[in-house]
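Dear colleague,

Please find below the structure that I am handing over to you.

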Amino acid sequence: MSAPDRAYELPAELEEFRSVIRALFADKIEPRAAEIDAMDEWPEDVYRVLVDNDLMGVGYPEEDGGSGGGQLAFGVFIEELSRVSAGVALTPIVSKLGVVPLMVAGTDEQRRTHTSAIARGELLMSYALTEPDAGSDAGALATRYVRGDETFTLNGTKRFITGAGVSHTYVVFATGDPALRTKGISAFLVGRDDPGVSFGPAEHKMGIHGSPTREVVLQDVVIAADRLIGAEGGGFAIAMRTLDYSRPVIAAQAVGIAQGALDLALAYANERSQFGKKLMEFEGVSFLLADMAMKVEAARMLTYRALAACDAGDPRTTFHASVAKCVASDNAMAVTTDAVQVLGGNGYMREYPAERYMRDAKITQIYEGTNQIQRLVIARELLKSLG
Ligand code: CAA
């Protein structure tokens, strides 16, 4: 057995890509991270760093105007970006969340037009599923659409929409008949400038600062019939298949946050001395760091497994996506909390990024389906596997 050939690791070009972007982010984004967190404003300059370095096209097919690499490359990109700023990572995350419905069910033209514009840095997208009374129970959404001759008219309110106000185009899920529940839902492309579209005030969140979250309000928004994505009534399946693709990306975000916290805690424990020796020389601290490293590594393996399942069109992607998202986010919460502990009083202060990592980790257990919903999905997939 020749070890190098059989090593269980990412392709060499992805590790090279990682080291290039790690250096870039350390130089251009990390120095801005604390300020972005403090100001909680969308950092257009940092988005431009991503665009200018051709990173907004990572993970999209080359024939659609992207730079290729698939979901695994996109995951490595998001992991490294989240290691320095989870809020910044949401800009590419939600644009992808907007494109995946087009990859799943859109026309070639819809998909290519949107993908190439994102890759060129000319378009940002968002995904508008959640509503005030439809969070975990996404099938209960109440935003209505009415079909005209050549148009659809939309009315309703979407809540907690990541990127709202900044994004140019929104994938909006609406129902033609709530009595049909999930079977009545369709997906539409809605523009920020379409008459009748407005945005609620900025939400004040615990973390992921620099990524705007607002309501998207639709009041008699009339759109052309070609803004429908896929078949009428097929919107719920599109929404769910999109989440199968994007939950592993949230897992990658969680891994990046956790890795950032681990790197910080390790460096601190190796530098700070108390009782005449380095913190790292106390078994209580070194074992804590060992446990943190195990959690990061386990989460990373599950995340790459799920991202690769997306690329391979694996029929068990739903299962792997929810497993990865759940484990990676729970581990990120644990690791970041322990990082604050390792830094002690300094960990609790904004002067160090430990508490930011901890605040940012929390949302990964909540959005793109709470971890209770992930367990429900996993349990249903287990039942299905019985046949
Ligand atoms: N792929 C394809 N089709 C799917 C599917 C999947 N993964 N999952 C379900 N479906 C289909 C089902 O097969 C079913 O079709 P049939 O009626 O033809 O059999 C239909 O969809 C309805 O499915 P369910 O009966 O399972 O639906 P449900 O009402 O029980 O809900 C749920 C299932 C998993 C709980 C779902 O509502 C869910 O995922 N909820 C969480 C919502 C969520 O994740 N929101 C995140 C918002 S986005 C976000 O957070 C982004 C951000 O800010 C960054």
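The lining of the largest cavity draws at least three residues from each of domain 1 (4-124) and domain 2 (126-232), with domain bounds taken from an automatic or database domain assignment. Please note that this is a predicted model, in which local features need pLDDT of at least 70, side-chain atom pairs count only at pLDDT 80 or more, and totals for chains, interfaces and linings use all residues. Residues are numbered from 1 along each chain as its sequence is written, and side-chain values use heavy atoms, with hydrogens and water left out.

The terms are as follows. On a 1 Å grid over the protein atoms alone, a cavity is a set of points where a 1.4 Å probe fits but cannot get out, while a pocket is an open set with protein on both sides within 12 Å along at least five of seven lines; lining residues have an atom within 4 Å of a point. Grid points are joined across faces, edges and corners, and a volume is the space filled by probe spheres set on the points.

Cavities

The structure holds 2 cavities of 30 Å³ or more. The largest has a volume of about 70 Å³ and is lined by 14 residues, with Trp42, Leu90, Thr91, Val94 and Gly163 nearest its centre. Helix α6 (residues 86-105) contributes the most to this lining, with 4 residues; helices (H or I, at least four residues) and strands (E, at least two) are DSSP runs, numbered from the N terminus.

The second largest cavity holds about 50 Å³ of space. Its lining includes Asp37, His209, Arg356 and Asp360, and its largest share, 3 residues, comes from α3.

The largest pocket has a volume of about 1,100 Å³. Of its 41 lining residues, Gly135, Leu243, Arg247, Glu368 and Gly369 are the closest to its centre. Helix α8 gives the most to this lining, with 7 residues. By class, the lining has 20 nonpolar, 10 polar and 11 charged residues (Ala, Val, Leu, Ile, Met, Phe, Trp, Tyr, Cys and Pro count as nonpolar, Asp, Glu, Lys and Arg as charged, and the others, Gly among them, as polar).

The second largest pocket holds about 250 Å³ of space. It is lined by 17 residues, of which Ala33, Tyr352, Pro353, Arg356 and Tyr357 are the closest to its centre. Helix α3 gives the most to this lining, with 5 residues, and the lining draws at least three residues from each of domain 1 (4-124) and domain 3 (236-385).

Yours sincerely
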